[in-house]
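Subject: Structure for you to look at

Hello,

Here is the structure I promised to pass on. Please open it beside this email and follow along.

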Amino acid sequence: MKLTTKGRYAVSAMADIAAIGGDMPVSLSDVSLRQGISLSYLEQLFAKLRKAGLVTSARGVSGGYALTAEPSKIRVADIVAAVDEEIRTTACAPGSVTGCQGTSARCLTHDLWDELGRQIEIFLNAVTLDDILEKRIAGMAAVNAPKIERIEAAE
């Protein structure tokens with residue numbers, strides 16, 4: 001499983017804009033400097049984010065990009081999806097007749113990795129830009145974590 005720079009950079013840049021004010025246009029060159037992301041890469045990402053309706057753009061001296069909604073309404077999953085990021089945790093394509101091993105068979109751990117992918121999707125759908133700004137992320141995944149009882153080895 002790998003979340004590439006497309007998804008990570010898009011979320012970082014959107015969080016940057018939200019932190020500056022969100023509803024006022026922010027220059028991508030400023031975001032580039034603050035986040036250490038190539039300006040040309042940001043331009044590519046923001047074209048997709050604008051097409052998805054997550055940001056608006058304004059031209060001119062005070063131009064830039066602004067969020068189309070409150071940070072509490074923009075989910076991380078929507079940002080990741082807008083830049084065509086696919087988070088795959090299995091070697092086989094979803095719905096494919098070819099399994100993980102190149103045949104019709106799935107690998108022994110297929111269900112484990114497939115469920116991990118669903119958990120990542122659930123988590124990213126639960127997190128908003130506001131959660132990032134307010135530093136409410138740490139511990140979110142553990143809210144419904146099952147209790148694990150350790151069995152001591154008999155001596």
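Two strands pair if DSSP finds at least two bridges between them. Helices (H or I, at least four residues) and strands (E, at least two) are DSSP runs, numbered from the N terminus.

First, the ground rules. This is a predicted model, in which local features need pLDDT of at least 70 and side-chain atom pairs count only at pLDDT 80 or more, while totals for chains, interfaces and linings use all residues. Residues are numbered from 1 along each chain as its sequence is written, and side-chain values use heavy atoms, with hydrogens and water left out.

**The hairpin**

Strand β1 covers residues 55–58, and β2 covers residues 64–67. They pair in the antiparallel sense over 4 bridges. A58 stands opposite G64 in β2. The hairpin has 5 residues between its strands, and G60 takes a positive phi near 105°.

**The core**

A nonpolar core is a set of buried Ala, Val, Leu, Ile, Met, Phe, Trp, Tyr and Cys residues joined through side-chain atoms within 4.5 Å. Buried means under 20% relative accessible area, with a 1.4 Å probe and protein chains only. The largest such core has 30 residues. M14, F46, L49, L67, I79 and L129 touch the most other members. Helix α1 (5–20) gives the most to this core, with 7 residues.

Contact means heavy atoms within 4.5 Å. Not counting residues up to four places away in sequence, F46 touches A13, M14, I17, L28, V55 and Y65.

Axes are lines fitted to C-alpha atoms, for helices over the stretch in contact, and angles run from 0 to 180 degrees between N-to-C directions. Angles of 65 to 115 degrees count as roughly perpendicular.

The axes of α1 and α3 come within 10 Å and cross at roughly 80°. That makes α1 roughly perpendicular to α3. Residues in this contact include Y9 and M14 of α1, and L45 and F46 of α3.

What is the crossing angle of α1 and α2? Their axes cross at roughly 110° and come within 10 Å. So α1 is roughly perpendicular to α2 as well. Here S12, A13, D16, I17 and I20 in α1 meet V31, R34 and Q35 in α2.

Last, look at D16 in helix α1. Is D16 buried or exposed? D16 counts as buried because its relative accessibility is 7%. Leaving aside neighbours within four places in sequence, D16 is in contact with V31, R34 and Q35.

Best wishes

Note on methods:
Buried means under 20% relative accessible area, exposed over 50%, partly exposed in between (1.4 Å probe, protein chains only). Angles under 35 degrees count as roughly parallel, over 145 as roughly antiparallel, 65 to 115 as roughly perpendicular and the rest as oblique.
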